[in-house]
Amino acid sequence: APELIKLLNDEQTEYPAALALSAIGPPAVPLLEQMLTNRSARTRIAAVQALNFMHGAEEAIPDLLRCLDDPDPGVRGTAAIALGDMRKQPDRVVPKLMERLADTNSSVRADAAMALGLFESQARTAVPKLMELQNDANAEVRQQATIALKKTEATNQ
């Protein structure tokens with residue numbers, strides 16, 4: 001795993017390295033968590049993706065929540081998607097994702113809306129904010145908000 005971590009710093013090998021680290025599973029989580037503070041946004045994104053590919057690296061949720069406040073919008077959006085894919089700890093995750101619905105970056109807003117939709121009924125508290133996003137200036141944000149609303153409302157019936 002330490003050798004694979006080095007490969008996360010290279011554009012040519014970052015994605016395969018992330019896949020390989022995710023295949024290692026839980027033993028790679030601490031190494032990937034360390035990479036979430038790397039100077040390179042591309043490396044941070046690759047580390048978030050690797051944690052997401054593990055489908056259940058729940059111990060990384062606190063670090064992924066911090067990534068929602070990363071200065072790079074790519075990291076913020078990738079973290080939102082990873083947290084949505086995990087569908088764990090909704091009491092902690094949903095409020096943080098709701099904060100990203102007001103992000104200055106439209107891609108991050110769309111990613112946060114999509115992630116909230118993955119929580120379905122566990123994201124009911126986000127419905128008012130998702131409804132507001134249906135008037136967003138960005139078409140992708142509007143579309144993801146609408147999809148998320150359908151998912152949360154479908155589980156309310």
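**View 1. Surroundings of L116 in the predicted model.** Not counting residues up to four places away in sequence, L116 touches V94, L97, M98, L101, A123, A126, L130 and T152, where contact means heavy atoms within 4.5 Å. L116 is also among the residues that touch the most other members of the largest nonpolar core, which has 50 residues; such a core is a set of buried Ala, Val, Leu, Ile, Met, Phe, Trp, Tyr and Cys residues joined through side-chain atoms within 4.5 Å. Buried means under 20% relative accessible area, exposed over 50%, and partly exposed in between (1.4 Å probe, protein chains only).

**View 2. The salt bridge between R42 and E14.** The side chains of R42 and E14 meet at 2.7 Å, N to O, in a salt bridge, defined as a side-chain nitrogen of Lys or Arg within 4 Å of a carboxyl oxygen of Asp or Glu. This pair links distant parts of the chain, with R42 in helix α4 (residues 41–53) and E14 in helix α2 (residues 14–24), 28 residues apart; helices are DSSP runs (H or I, at least four residues) numbered from the N terminus. R42 is partly exposed at 39% relative accessibility, whereas E14 is buried at 12%.

**View 3. The salt bridge between D63 and R66.** D63 and R66 form a salt bridge at 2.4 Å, N to O, and lie about one helical turn from each other because they are three residues apart in helix α5 (residues 61–67). D63 is buried, with 17% relative accessibility, while R66 is exposed at 54%.

**Notes on the views.** Residues are numbered from 1 along each chain as its sequence is written, and side-chain values use heavy atoms, leaving out hydrogens and water. In this predicted model, local features need pLDDT of at least 70 and side-chain atom pairs count only at pLDDT 80 or more, whereas totals for chains, interfaces and linings use all residues.

Key: Helices (H or I, at least four residues) and strands (E, at least two) are DSSP runs, numbered from the N terminus.
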